[in-house]
Amino acid sequence: MGRIASFAFILVVWPTTLAQAQLVGRKNLLIHFGGGATIISSSGQADVLSTSGLAGGNVAFSFAYAFNRYWSMGVHFQRMGSKHTTTMLDHVRVARYDLEGSIRLVNREHAALEATTAIGLAEIRLRTDGQRLPVVSVDYGASIGARYLRRITNTLGTYAAINWAPFQDGLVWQGEKPVTDESGRQLTLEWSTACIAVGLFVRF
């Protein structure tokens, strides 16, 4: 009888112990803030708008709500820039505003690994030498990535993340005027960003 009671106690307590031994649980709110390195590439009908593998930096901020121990949904903001441009460009800036979903592939007591996907709006600004107004293109797109979380205290931890985002056929503007080719058609721009970021997260 004693063994049966002990076994029943284990069956009741064990799932609770597993739930507590997870970095991210149901109804947790996670806030991330960090920065790192970025590679920016762009391609357009005008040679001045085409770049390849520009190295730069980024800052990132996001918050996510965990619906359960497996997945979260939240908002992600990332701003990127590069001064290592071509001779015709002074600098390039990119800003992304995304709705991001995360699936936890691993969720242990002190660490977690997430696969992320996001969809949202992005803006790229390319300032050419000698021009006051930058060339701007805005487009919708999706990104994929991964994020590793490591707990330091009950509420604070560190993270490392990677993501890649391509954008296609964004119309090109300068100020409020469209940028056109010789035939009068408005130019379009394709670009992509690849980012590595490290930083801190807070868990509530």
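How many cavities of 30 Å³ or more does a search of the whole structure find? The search finds 2. A cavity here is a set of points, on a 1 Å grid over the protein atoms alone, where a 1.4 Å probe fits but cannot get out.

Before you select anything: this is a predicted model, where local features need pLDDT of at least 70, side-chain atom pairs count only at pLDDT 80 or more, and totals for chains, interfaces and linings use all residues. Residues are numbered from 1 along each chain as its sequence is written, and side-chain values use heavy atoms, with hydrogens and water left out.

**Stop one: the largest cavity.** Select H76, E100, R147, A161 and N163. Of the 20 lining residues (those with an atom within 4 Å of a point), these lie nearest the centre of the largest cavity. The space there is about 150 Å³, counted as what is filled by probe spheres set on the points, which are joined across faces, edges and corners.

Next, colour the strands (DSSP runs of E, at least two residues, numbered from the N terminus). β2 (51-66), β3 (71-82), β4 (89-107), β5 (111-128), β6 (135-151), β7 (156-174) and β9 (188-203) each supply at least two lining residues. β7 gives the most, with 4.

Now colour by class. This lining has 9 nonpolar (Ala, Val, Leu, Ile, Met, Phe, Trp, Tyr, Cys and Pro), 8 polar and 3 charged residues. Asp, Glu, Lys and Arg count as charged, and the others, Gly among them, as polar.

**Stop two: the second largest cavity.** Select L30, H32, A64, S72, S102, R104, E114 and R147, which line this cavity. Its volume is about 40 Å³. β1 (29-44) and β4 each supply at least two of its lining residues. By class, the lining divides into 2 nonpolar, 3 polar and 3 charged.

Key
1 Å grid on protein atoms, 1.4 Å probe; cavity = no way out; pocket = protein on both sides within 12 Å on 5 of 7 lines; lining within 4 Å.
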